[in-house]
Every structure is written in C-alpha cells, then in structure tokens.
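Good morning, and thank you for coming.

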Amino acid sequence: GIIYVNDPKTYELLWINDNCMRSFGLEDIGQHKCHELFQGLDEPCPFCPMAKLNFDSFYIWEFYNSKINRHFLIKDKLIRHQGRTLHMEIATDITEKVLEQQVVQQKLEFEQTLLKCVRILLEEDDSNLVIEKTIALAGRQYHADRCYVFESGHDSSNRRVVHNTHEWCAPGIEPQMHTLQNLPIALVSPWMELFLNSREVVIENLEDIRDAHPDLYATLKRQNIQRLFAVPLHLDGILTGFIGVDNPHDCLGDFTLLHSLAYFMDNTISRTRLADELRSISLHDSLTGLGNRNAYQAACKRLAEEKISNIGVIYIDLNDLKFINDTYGHEKGDEYITSMSAIFSKHFRSSDIFRIGGDEFVAFVVDEPPRAVRERMSQLVANVEANGYSVAVGCATCSAGGIQLEALIKQAESRMYDDKEEHYRRRGIPHG
C-alpha cells in the first residue's frame, strides 16, 4: 500500500514509503504538498477529510485517483510524533476488486435491461414500438449519444442502399435519421463484410479510419462521432442491417446487449411479419387478392359507424361463370374470375372492392354524389363488355340521413338480381 505522513496545517509531506515513491515516479520526497503530488492541484483537495480526523480511530473511505488510474481504500488519522500533531494516511490498492465489482454490476445491469426487453417484447404488438423502446434501453445502458437501426434495401433506381429506420438520441443530441436515408451500400461495405461473418464493427477512434475510408470518415465526422460500435441484424437468418451506438461512454467493448437486442428484433419482426401474413390471409381472397367476406364485414361495420355524407353500393355478379366451369373446367373459371377482378380494381380502391362469394362482388363508393356513383357503374359495365365479358350489376345510393347501410346493400343486391334475370331472359338460356 501507499503510506505517507504530512503536516495537517501546511499539507507539506514529511515522509512517504517506498511503494508511494514508485507509484508516483519519485526518486526523493523533495518539497511537495500532498495535494500537489497526489492530485496535481494547487490548492488543498475539496474532498480532503482533515477536518473529520482524530487521534483515536481511523477515518475510512474509498477514492479513485485519476492521476495514476487506481482505486484505493483509504484510512486517515491524526498521530503524535515528538510532541507534534501529524496526519498519517494508509491507502490500499483495491483496483482489481473494484473492477471485478464493476464487471458484476455491469452484467447485472445488462441482465436487468434484457429482462426489460423481454417484457416489452411480450407486452407490445407493434414491432416499431418494440424497436424504439429497446434501442432506448441500449442507448442509456451504454451512456451513448445515439442508438439506431439501419436496414438495407433498394432505392427508386434499384440500387442497393442502407437507411436509418429507427433512432434514439440522448438529451441534447441532434437527431440524424432524416439525413441518413438511401446511403450507398458501398459506404458501409467494409462493415457488411464483417457482419456477414457475424462480427462486430468497432471504431475506437474515428481518426483511425480517416485514410482507409475517407467517405465514411466524412459522414461520421459530420455527426460528431468519435467512437462507434455496431452489430449485425439478421431477419430469418439473412443479413438485413445493423444496430449501432455512437460515442458510448460505458460498457466499452461489451457487445452482449447489442447482440441480444439484434436477436430480439429478429424474433419481433419475424413474429410481426407472420402475424401480418396471417391477418392478410384472413382478410384477402386467395384467388383475386381482393378483400374477402371477412374484410367486407369489417368494412360494413366501419362504414356504419362513420359519419359519411354520401355512400353508394354497387353489387356485381359474374354472368355465365357456372356455364364456363361446366363447359371448360374450373381452371378456366378461375381465369375468368381473376380477369374480371383486375377490371374491377381499375374502378375502385383496393380497400373498397370485395369478393363475397364465388361470383359475387360488392364495391363501396364513399363521399361521392349519387350521379357520380351511377356513372362509375356505367363505366365499369362498359369496360367489362369491351373485354368480351358480361356482368349483372345493381346500384343503390343515399345521402346523409338516408336509409341504413344494410338496407342499402339489400337494395343494390335486389337490383343486381333483376339485371341478371334480364341478362338471361335476353339470351334465352337457363339461369345459372
């Protein structure tokens, strides 16, 4: 340990042991005051415990000396020597113990952060919200300026790019996400090579990459980045981007948390995509891609609850589908259905047209006057006939304060059946 004796009034050092001499690189005691030698200060240390000392017991405390980068357990007391009152300090180096405690504490904090991430994962259904919350936890854990997610993709010219999709910033740090869109993949190609091998990107000092990667250096320099860590992000086993932290001040060199977050994000986004696919399947007709009966019923409920000035219902039935199926087979019948669906999609928004049965479709026209709804129906029929097909249609409209939506649908359906009967009567063929 380090032991020294000084004058409690003048702070002048009177004696130091050999270990103290070695620790501070001294050849002799010289004319030093304790605060000058040990702390490099011109005045007594603001944390000096001198006023708390006595002759009977040690005053014990812990201190980190930044001058020699060591942690100490310190014992101070007053002593008498040849009738003179002196101050004696014994400092035991506990750096290794403190570092071990810091590692344990860091691991504990990581585990607590990961538990929070798991809780978010279980409680939130919105994948974007999950990512935003988890990168905020990581940013705070690393005491970083920013924590973010970049994803790879293609721009309008089909060139491979990366873009910043999520971002957390510490208080006082200017967001960068809006400036980091559609960056050429070549800019981070050295990183992508590391990511493909599941390795981290570590920039301890930005100046280290100045000559080797000048474009990347310039991009990071503009963001006031001096240090950066990043780990790969995989979705369903495919490299799709990375998670990074800018200017971390804590947990340096420990990527456990970032790798764990990448794993959570992979599972979260994969789970969300699966849920979206299942939801899409439940709401879309597999043959035409139009909304199915489930989607139609949901739309009816939504429209019934909304305050709409005008609404029109167009009920559509494919003429001759049974004849085509019986004569040419169901494969030809399916081709007929898909061809007609493509025509319908040109006249209505995808969210407003539904296949509710084998040959029946319903379209809603919202906030258009009755005349416009009837004109839309006429254009649809003309387009169908121009392509050599035939449909039966029925239209019903109402304004604010008119009949209920359910009654309106029944009215349009009834008019469609009247049109269908007329179609078969004119052709002189059996109804089907």
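Which residues does R355 touch, not counting residues up to four places away in sequence? R355 touches D285, L287, T288, L290, G291, N292, R293, I337, E360 and F361, where contact means heavy atoms within 4.5 Å.

Before going further, a note on provenance. This is a predicted model, in which local features need pLDDT of at least 70, side-chain atom pairs count only at pLDDT 80 or more, and totals for chains, interfaces and linings use all residues. Residues are numbered from 1 along each chain as its sequence is written, and side-chain values use heavy atoms, with hydrogens and water left out.

R355 lies in strand β13, residues 353-355. Helices (H or I, at least four residues) and strands (E, at least two) are DSSP runs, numbered from the N terminus. R355 counts as buried because its relative accessibility is 13%; buried means under 20% relative accessible area, exposed over 50%, and partly exposed in between, with a 1.4 Å probe and protein chains only.

The side chains of D285 and R355 are joined by a polar contact of 3.2 Å. A polar contact is a pair of N or O atoms within 3.5 Å; within protein, one must be able to donate a hydrogen and the other to accept it, and residues adjacent in sequence count only if both atoms are side-chain atoms. The side chain of R355 also reaches the backbone oxygen of G357, at 3.1 Å.

Let me turn to strand β11, residues 238-246. Since 8 of its 9 residues are buried, β11 is largely enclosed by the rest of the structure. Strand β10 (residues 228-235) pairs with β11 in the antiparallel sense over 8 bridges, and β6 (residues 146-154) does so over 6 bridges; two strands pair if DSSP finds at least two bridges between them. L233 has G241 as its bridge partner in β11, while C147 stands opposite V245.

Finally, the cores. The largest nonpolar core has 27 residues, and I243, L261 and M265 have the most contacts inside it. Such a core is a set of buried Ala, Val, Leu, Ile, Met, Phe, Trp, Tyr and Cys residues joined through side-chain atoms within 4.5 Å. A second, separate core of 24 residues includes I314, Y336, V381 and C395.
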